[in-house]
Amino acid sequence: MNNALVSIIIPCYNSEQYISETLDSLIEQTYQNWECIIVDDNSTDQSWDIMESYQQSYPEKISIYRNPKKGACAARNFGTVHARGEFIQYLDADDLLKANKIEMQLSILKKNPNSIIYCDKVDFEITCTKIDKICSNDVKKYSPLDFLLGQEDVYPHCWLAYADNIKSQNWDEKVLLNQDGEFFYRILQNLDKVIYADNTYCYYRTQNTQSISRSVNGEKILSGYNTLKTLENVLLSLAAKEELYTVYQCLGNACTYYLFQSYPQYKSVYSEISKYKYLKYATSKYKTPKVLNNLIISIFGWKFYKQLLLLKR
């Protein structure tokens, strides 16, 4: 395990503008014993030609496939089947890893069997300036229950995991929203620890409209809401009796995200989500990054604000 192979799995759809930068971030890794499995999800641009060029330049490291099905989850499942590594790193075709990401996480994860590790992300738009984030080298360990109750939003490329744990589950190919959340709920259920290490980070691109998972509609919102059943099953299986009220609050708060997303455009979806049995325990409030918007919400309510947003479009 001293020189363990890490499998990096990338689903790719119409990412001709970004895939080179993503692959360059792998080539620059300080830990070099990795393989990259790219699964093209029926792209219609020049993504395949670019991936093929990299594969020809790094044949011992990069493998490319065409997705026999459709969708990011199917692509990740296909890539995972072909993974040979002892550890698995997921990465989207438009996001980047800091050069020491794999090395730093691996140094900790190797000492913690049956665990998973994650780091922070730095958002960027079209051009990544790679502004350094100050790292504290702080390491925190959580039980899976405590981590899930904390409701921290962790993106797929922030994780590094043992392949045996990842391969114990499949990505649900029917899920349209919160695909990674639904998958990692099930992964975390059977682990001993969830580790946060502030010794590295990832880069997350916020402005790629061609990304497999960016657009949201009523069908996707309902699909995301239905992933709460997985979260519910996992939390209830992990919680002691005295922790159940906190679990109900967590589930109610998770539900509010889909409630807020569905109003007012998708009334039937909103009506369905409003019936969720744990919604009454929610403590989350609708907030925006802007003080003025939050003032409007505090005076007139979040529904009024959402209707106002609709009128501005």
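Biologist: In which loop is the place of Asn178?
Modeller: This is a predicted model, in which local features need pLDDT of at least 70, side-chain atom pairs count only at pLDDT 80 or more, and totals for chains, interfaces and linings use all residues. Residues are numbered from 1 along each chain as its sequence is written, and side-chain values use heavy atoms, with hydrogens and water left out. Helices (DSSP runs of H or I, at least four residues) and strands (DSSP runs of E, at least two) are numbered from the N terminus. On that numbering, Asn178 lies in the loop between α6 and α7 (179-189).

Biologist: Is Asn178 buried or exposed?
Modeller: The term buried means under 20% relative accessible area, exposed means over 50%, and partly exposed lies in between (1.4 Å probe, protein chains only). Because its relative accessible area is 19%, Asn178 is classed as buried.

Biologist: What is the phi of Asn178?
Modeller: Asn178 is a residue other than glycine, yet its phi is positive. The value is near 65°.

Biologist: Which residues is Asn165 in contact with, leaving aside its neighbours within four places in sequence?
Modeller: Asn165 belongs to helix α6 (residues 163-166), and it counts as buried because its relative accessibility is 15%. Contact means heavy atoms within 4.5 Å. Once neighbours within four places in sequence are set aside, the partners of Asn165 are Asn114, Ser115, Ile187 and Leu191.

Biologist: What is the phi of Asn14, which is not a glycine?
Modeller: Asn14 sits in the loop between β1 (6-12) and α1 (19-27). It counts as buried, because its relative accessibility is 10%. Although Asn14 is not a glycine, its phi is positive, at about 45°.

Biologist: With which side chain does the side chain of Asn14 make a polar contact?
Modeller: A polar contact is a pair of N or O atoms within 3.5 Å; within protein, one must be able to donate a hydrogen and the other to accept it, and residues adjacent in sequence count only if both atoms are side-chain atoms. At 3.4 Å, the side chain of Asn14 makes such a contact with the side chain of Tyr13.

Biologist: At what relative accessibility does Lys101 count as buried?
Modeller: Lys101 is part of helix α4. Leaving aside neighbours within four places in sequence, its contacts include Gln29, Gln89, His157, Trp159 and Tyr201. Lys101 counts as buried because its relative accessibility is 0%.

Biologist: The side chain of Lys101 reaches which backbone oxygen?
Modeller: The side chain of Lys101 makes a polar contact with the side chain of Gln105 at 2.4 Å. It also reaches, at 3.1 Å, the backbone oxygen of His157.

Biologist: Which backbone oxygen does the side chain of Gln105 reach?
Modeller: Gln105 is found in helix α4 (residues 101-109) and is buried, because its relative accessible area is 0%. Among its contacts beyond four places in sequence are Gln89, Ile117, Tyr118 and Thr200. At 3.1 Å, its side chain reaches the backbone oxygen of Cys158.

Biologist: Does Lys111 count as buried or exposed?
Modeller: Lys111 is placed in the loop between α4 and β6 (115-124). Its C-alpha atom is separated by 33 Å from that of Tyr54, 57 residues apart along the chain. Because its relative accessibility is 68%, Lys111 counts as exposed.

Biologist: Which residues does a cis peptide bond join?
Modeller: Pro264 is found in the loop between α10 (244-262) and α11 (267-273). The cis bond, with omega about 0°, joins Tyr263 and Pro264.

Biologist: What is the radius of gyration of the chain?
Modeller: The chain has 13 helices and nine strands. The radius of gyration is taken over C-alpha atoms, and the globule rule is 2.2 Å times the number of residues to the power 0.38. For 313 residues the rule gives 20 Å, and the chain comes close to this, so it is as compact as a globular protein of that length; its radius of gyration is 20 Å.

Biologist: What share of the residues of the chain count as buried?
Modeller: The C-alpha atoms fill a box of roughly 60 × 45 × 40 Å along the principal axes. Among contacts with a separation of 6 or more, residues 24 or more positions apart account for 81%. Of the 313 residues of the chain, the buried share is 52%.
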